[in-house]
Each structure stands twice: as structure tokens, then as C-alpha cells.
Amino acid sequence: MDLAELHAIAERERARRKAVRVLCCTSSGCQASRSIELLHQLEAAVAASGQDETVGVASVGCMGFCGQGPMVRIEPANLIFERVRPEQAPEIIAALAGQPCGVERGDPNHPFFARQVHVVRRNGGNIDPERIEEYIAAGGYEVLYRVLHDLSPAEVIREITRSGLRGRGGAGYPTGLKWATVAKSPGERKFVVCNGDEGDPGAFMDRSILESDPHLVLEGMAIAAYAVGAHEGYLFVRGEYPLAIQRLTRAITQARKLGLLGSQIFETSFDFKVEIRVGAGAFVCGEETALIASIEGRRGQPRPRPPYPAEKGLWGFPTLINNVETFANIVPIIEHGADWYAAIGTEKSKGTKVFALTGKVRNTGLIEVPMGMTLREIVEDLGGGSPDGTPIKAVQTGGPSGGCIPARLFDTPVDYESLAAAGSIMGSGGMVVMDNHTSMVEIARFYMAFCMDESCGKCVPCRVGTVQMHRLLSKVAAGMATPADLEQLEQLCHLVRETSLCGLGQSAPNPVLSTLRYFREEYEALLRGEVDASTNGKP
Amino acid sequence: MSNRAPAESPARGSASAAIADNRQKLLEATMRRHQYRPDALIEVLHKAQELYGYLSPQLLASIAHSLHLPPSRVYGVATFYHFFSLAPQGEHTCTVCLGTACYVKGALEILSALEAETGLKAGHTSPDGRLSLLTARCLGACGIAPAVVLDGVVIGHADAETLRARLHALLAEAPVAP
């Protein structure tokens with residue numbers, strides 16, 4: 001494979017394309033609303049209407065507006081159809097020939113679409129994720145070619161460092177610095193690991209990226225491997241994401257066949273082979289040392305750091321671990337340059353972030369917005385506010401490791417520092433909107449039950465502390481607690497946070513602490529017995 | 001599972017023996033592909049569960065033997081991860097997602113309605129082996145919350161009434177021969 005061949009594939013793919021493209025989302029969310037059946041009906045309707053010379057139907061990845069799925073988009077007219085039922089396919093195809101159409105139309109200028117900036121999701125909803133040719137036609141693997149031929153590993157790392165990209169898994173560690181550490185670490189073998197163990201309930205960004213654009217992640221991993229001097233990679237994906245696994249497996253096979261993964265990529269001396277590892281269901285495996293243990297076939301239990309995986313990771317070799325979204329940012333950064341990327345976002349949080357906007361909000365789905373957009377803009381403009389007029393009370397970010405930010409702080413910009421200052425975290429990108437019907441004590445208890453179940457049991461503060469905190473929260477929720485219980489709960493929060501071994505335990509108290517900080521009155525009302533305990537604090 | 005049908009005819013018996021044999025072969029093939037490396041344990045357990053439906057003590061012991069691992073290590077891994085089931089699942093499975101988005105949108109009410117309907121507690125299988133009622137911690141289908149998975153098919157925007165009716169219809173069908 002060389003550049004001319006790559007361009008030839010892209011050219012053939014573009015020539016194959018029909019003038020009008022009917023794009024049907026077949027990601028998990030839309031598949032659950034019968035989009036595969038819809039896809040077949042659309043194909044049949046095109047054939048039946050005799051428009052197959054000019055109209056092509058394609059199965060594409062996530063368009064983001066999952067709550068309104070299945071979604072169909074017509075290019076180049078940019079018409080959007082929402083909640084399409086398979087039996088409506090002929091109507092949509094007839095509309096292409098100028099017939100009236102009663103199918104629910106979406107507005108492409110709606111803030112939900114218009115205010116997004118697509119860097120990571122630029123191919124989502126535009127290309128068929130199961131065909132590498134479409135990815136190549138969208139410019140795919142050209143950046144890898146340029147990197148291998150024109151840039152030294154140090155230059156790649158410098159570019160990533162200059163872009164200001166920070167880890168999208170939640171902690172926000174500077175990606176360039178991590179790469180530089182792995183590159184510097186001596187080792188006869190090195191590994192690149194993609195963390196796709198998106199265990200945070202309420203988050204599905206990584207699932208969507210893997211389902212919609214698997215090659216973008218693979219190309220990012222290959223560039224990373226070149227930069228740090230690794231030749232082997234693992235993609236660790238949750239077992240709960242069968243479609244993502246299926247599409248990734250296919251993507252790897254296709255890339256290998258074209259010589260874009262494997263040995264002597266683009267006829268250079270660079271080899272990179274990737275294997276998929278399917279997670280077996282353990283939230284703690286999102287922690288990097290636990291993830292390593294799991295890839296090695298052991299129980300997913302973390303170990304103390306240092307040594308960090310960058311020095312001693314998989315089987316003791318230097319290992320670069322980045323999250324799916326982080327890898328998905330690499331190709332755009334190298335393609336458009338670090339300055340372009342650094343111009344998006346805020347001073348300390350560069351670029352865009354993908355969020356899963358869900359819960360009590362009108363528009364649910366996946367959004368990619370520049371860092372620094374305020375929570376209010378996200379919830380009210382993109383999200384469209386409350387679906388039934390019930391006032392919105394808070395937004396939860398960061399899942400079981402994050403916190404609830406009250407509505408009065410909705411002018412907080414979304415960046416790593418501001419969210420931390422507000423008592424939450426950026427997290428991997430879950431954003432669950434809660435209204436006045438949601439009891440904050442119940443939410444804290446919900447997350448604590450999650451952490452209690454998911455605690456791996458290795459260190460005592462987390463194993464015992466989460467159980468005790470859950471017991472106290474249950475007591476509060478049932479209206480049986482005393483002020484002393486609340487005091488003990490707070491003490492335990494600090495103890496577990498300070499003394500747990502890994503991030504799971506250290507951050508498990510966050511939902512309790514943040515709800516105590518902003519919604520203490522809900523706890524105290526329950527202590528005073530003011531709220532009927534049988535309704536669990538609901539009005 | 002052949003052990004659930006003790007009274008089967010000789011012809012059926014040999015057929016299920018053939019299936020069992022084939023499953024063993026497929027499992028062997030997976031282990032061979034991983035060169036019987038101990039670090040392939042989780043991959044092998046995934047395959048074993050896919051083939052047999054659950055991980056019986058005998059199955060775990062034979063995997064331990066093949067990968068040269070202590071049985072305690074295999075058992076430890078199999079019980080650590082949620083994905084692995086050490087008991088047979090029901091003929092039908094109904095999994096209610098209890099991720100945050102689903103929770104906020106009333107997944108608990110759906111679960112209690114289904115518990116009341118089936119008389120089962122979450123995480124349990126009915127004594128006749130027809131249905132397992134399960135819960136999950138986020139399927140990543142948050143955009144269409146609340147989500148329920150019925151026999152592998154995700155149902156978005158789920159509501160208790162429709163689900164109750166579907167479960168009822170499903171259980172009214174004749175059981176699949178063991």
C-alpha cells in the first residue's frame with residue numbers, strides 16, 4: 001500500500017457514490033428502534049421507485065440525536081427525518097421525487113445540531129463504519145501515511161503536546177506528557193492500550209465512537225504506537241457493547257488486509273498489530289492498572305502506583321493507555337495542526353468534548369461541544385430544557401466518580417478545572433439531567449450502591465467504607481437517621497476519599513459530598529422527618 | 001443442557017452428545033488459538049459461556065487443567081466479573097438497565113412491575129427455567145432510556161405495561177425443547 005493506492009481507493013469510492021445519499025443510522029440506539037428493518041425498507045423503496053441510478057442508501061454511524069431515533073438524513077439536501085418507522089420508507093423516498101411527505105422532520109439548524117463542533121465525531125452519521133473504503137474516501141489513513149513518512153516520533157509527540165489535548169477518560173492528564181513518558185521508558189517491548197471499558201452508567205460516547213468510526217480510533221492508536229515505539233496494541237472494549245466489538249473486529253480485518261495494520265505499514269519498517277480484548281463486566285477495569293490485570297487474564301484489581309503503566313504496564317513493559325475519545329482526537333490534531341486544535345476550547349482545556357446528554361431533558365443523545373460551553377447552554381439550548389416543564393434541579397457529570405451541579409451554578413463553563421471547583425469532575429462525558437422529581441439523597445444512594453457492588457475488594461477503605469456509607473444513606477432515605485449518622489457519613493466520605501487505593505474508592509464519596517454541599521436541605525428534611533419517607537423524598 | 005433432560009430418547013441422546021462434543025471442539029480450538037496461554041483465561045471463559053450458556057464447576061475445572069492454572073485462580077476470575085454466570089440462565093432473559101439515565105427515568109418502577117408480574121426477584125431464574133429476570137449497570141442505550149433487553153433485543157423508551165404484556169406473551173408460548 002502506498003499513497004497512490006490509497007487515493008485510488010478513495011477515488012473509486014467517490015465514483016461509486018450516488019448523487020443523492022439516504023443515510024440511515026444503524027448504531028445500537030437506533031437499532032433498538034428497528035433501524036435495520038428501516039434500512040432494508042429504504043433500499044427496497046429506492047429500487048421500487050426506479051431511482052436507483054441517482055439515489056443510494058447507506059447504513060451509517062451515530063448522528064447523535066438518539067432520543068429521536070431512528071434518524072435518516074438525506075445528502076446533499078441536508079434533510080433530517082426523525083423517529084422514522086420502517087413502513088414510512090416509501091414516503092421518504094417518494095419525497096425525493098418531489099412528493100409531499102408526512103414523516104416527522106428534524107431541523108438541521110436546531111441548536112442541538114448547529115451548536116456542535118465535530119472533531120471526533122466528524123464521520124459519525126456520514127460514513128458506513130463497516131466499510132473501510134468510506135473511511136479512506138473521507139481522508140482516512142492519510143494522516144498515518146504522513147506521520148510515518150514525514151514526521152519523527154518526537155515531532156508527533158511535540159505536536160500532541162502543543163495541542164494541549166488532555167485525557168478524555170476523566171482525569172485529564174496531558175496526553176503529550178504521557179506519550180513522552182512512554183517513549184522515554186526503556187523496554188524491549190512496548191504496548192499501546194485503548195481503554196474502551198466505558199463503565200460509567202449514563203455514558204455512551206465511546207460506544208458511539210467505536211460503532212460509528214472504528215478506523216479513526218485504530219489510526220489514532222497506530223500513530224500513538226509509532227510515537228512511543230510500540231508494535232503491539234490492545235483494544236479493551238466492554239462486553240456490553242456487542243455491536244462495537246463486531247464493527248471493530250471487522251475494521252481490524254479490513255485494515256490488515258489493505259496493509260494499514262500489521263507488518264511494514266505503508267512500506268515502512270513500522271509494524272503494528274492490534275487485538276481486541278472483551279471486558280467481562282467490572283467497572284474498576286476502567287482504572288488503568290486494573291485494566292492491565294484484566295488483559296493479562298486476572299481479576300481486575302488495581303495495584304499501587306508508581307510504577308505507572310508508562311514505565312511498567314502490561315507484563316511489566318512500558319504501556320501507553322489512553323481512552324477511546326483521546327485516540328479519536330489524534331488524527332484531526334495531526335491533520336489540521338496543534339494550533340488549530342488549541343484554538344478550540346479554553347485556556348487549560350483545549351478542543352472539544354463529547355457528552356452523553358440524558359435524563360430529564362427534551363433532547364437526549366450525543367453532543368460534541370467546544371470546552372468552555374456553559375452547562376446552561378448545553379442543558380437549555382442543545383438539550384431544549386425540561387421536557388414537561390418540571391424545573392430542572394441539577395446536572396450530574398462524571399457518573400459514580402462525579403457530582404451533582406445545581407441549577408443555580410449552570411453558568412459554570414464545562415472544563416476540567418471549573419467542574420472540579422464545583423465539586424464534580426469532567427469524567428468520561430456522562431451528563432444526566434435531573435428535575436425536581438429526583439431525590440438527591442436517592443441519587444447519592446444509587447451511586448453508592450453502584451460503587452459498593454463494583455468495589456473490587458482489595459483495599460479495606462473502599463470495600464468496607466462503601467458498604468457503611470450505603471447503609472447510612474439508606475437510613476437517611478428511610479427517614480430513620482439522626483444528625484450523628486449524617487456526621488458519621490461525612491467523616492466516612494473523607495476517610496474513604498483519602499485512604500482508598502484507586503480512583504474508584506477515592507472518588508466514590510463524590511456524589512454524596514456534592515449532594516451534601518448543594519442539597520443539604522434534602523438530607524436535613526429527611527432527618528427531621530418532614531418528607532414522607534415512603535416516597536423516598538419525592539414531593 | 002443435556003443434564004436437564006434425563007428422560008430423552010436414545011436418538012436424542014446421541015444428538016445432544018454430538019452437540020456437546022462439537023462445543024468441546026470449539027472450546028479447544030479457542031484455547032489452541034491462544035496457545036493455552038494462562039493470560040487468555042478471560043477470552044476462554046467468554047467462549048465457554050457462549051458455547052455452554054454458563055460456566056459449570058466441571059467446565060471451570062477442565063479449563064483450569066487445559067491452561068495449567070490452579071482451579072482457584074479460574075474460579076476467582078469467573079466469580080469476579082459480572083459477565084460470567086455460574087448457574088444456568090432461563091430460556092428467556094429480561095434485563096432491566098439500571099444505569100443512571102434509566103434510573104432517573106423510572107427504571108426501578110419498571111423493575112418492580114416486572115418483579116410483581118413474574119414473582120421473581122431481580123437476579124433470579126424461575127424454578128421452571130423459563131425466565132431469568134436480570135439487571136444491568138448501563139447498556140450505553142441512555143439516549144433511549146429507560147432501556148430493557150428482552151432475549152438480546154434492546155427495547156428503548158420502555159414502559160412497564162408494554163413489557164408486562166410482552167413477557168406474558170413470551171411465557172405463554174410453548175417452551176423450547178431442552
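In chain B, the C-alpha centres of domain 1 and domain 2 lie 29 Å apart. These domains cover residues 7–80 and 92–172, with bounds that come from an automatic or database domain assignment.

Before going on, a word on the model: it's predicted, so local features need pLDDT of at least 70 and side-chain atom pairs count only at pLDDT 80 or more, while totals for chains, interfaces and linings use all residues. Residues are numbered from 1 along each chain as its sequence is written, and chains are lettered from A, with ligands numbered from 1, in the order in which they are written.

| Domain of chain A | Residues |
|---|---|
| domain 1 | 17–109 |
| domain 2 | 140–341 |
| domain 3 | 352–435 |
| domain 4 | 441–535 |

Take domain 1 and domain 3 of chain A: their C-alpha centres are separated by 30 Å. Five residues of domain 1 of chain A are in contact with five of domain 3 of chain A (contact means C-beta atoms, placed from the backbone, within 7 Å). On the domain 1 side, the touching residues are three nonpolar, two polar and no charged (nonpolar: Ala, Val, Leu, Ile, Met, Phe, Trp, Tyr, Cys and Pro; charged: Asp, Glu, Lys and Arg; polar: the others, Gly among them).

Now for helix α4 of chain A, residues 89–96 (helices are DSSP runs of H or I, at least four residues, and strands are E runs of at least two, numbered from the N terminus). Its buried residues are A:Ala89, A:Ile92 and A:Ile93; buried means 20 or more other C-beta atoms, placed from the backbone, within 10 Å of the residue's own. Seen down the axis of α4(A), they fall within an arc of 95°, so they line one face of the helix (the arc is that of the directions from the helix axis to the C-beta atoms). The buried residues of α4(A) pack against α3 (35–49), β3 (72–75) and β4 (79–81) of chain A. After α4(A) comes A:Gly98, with a positive phi near 95°.

Terms used
Buried ≥ 20, exposed ≤ 12 C-beta atoms within 10 Å, placed from the backbone. Contact = placed C-beta atoms within 7 Å.
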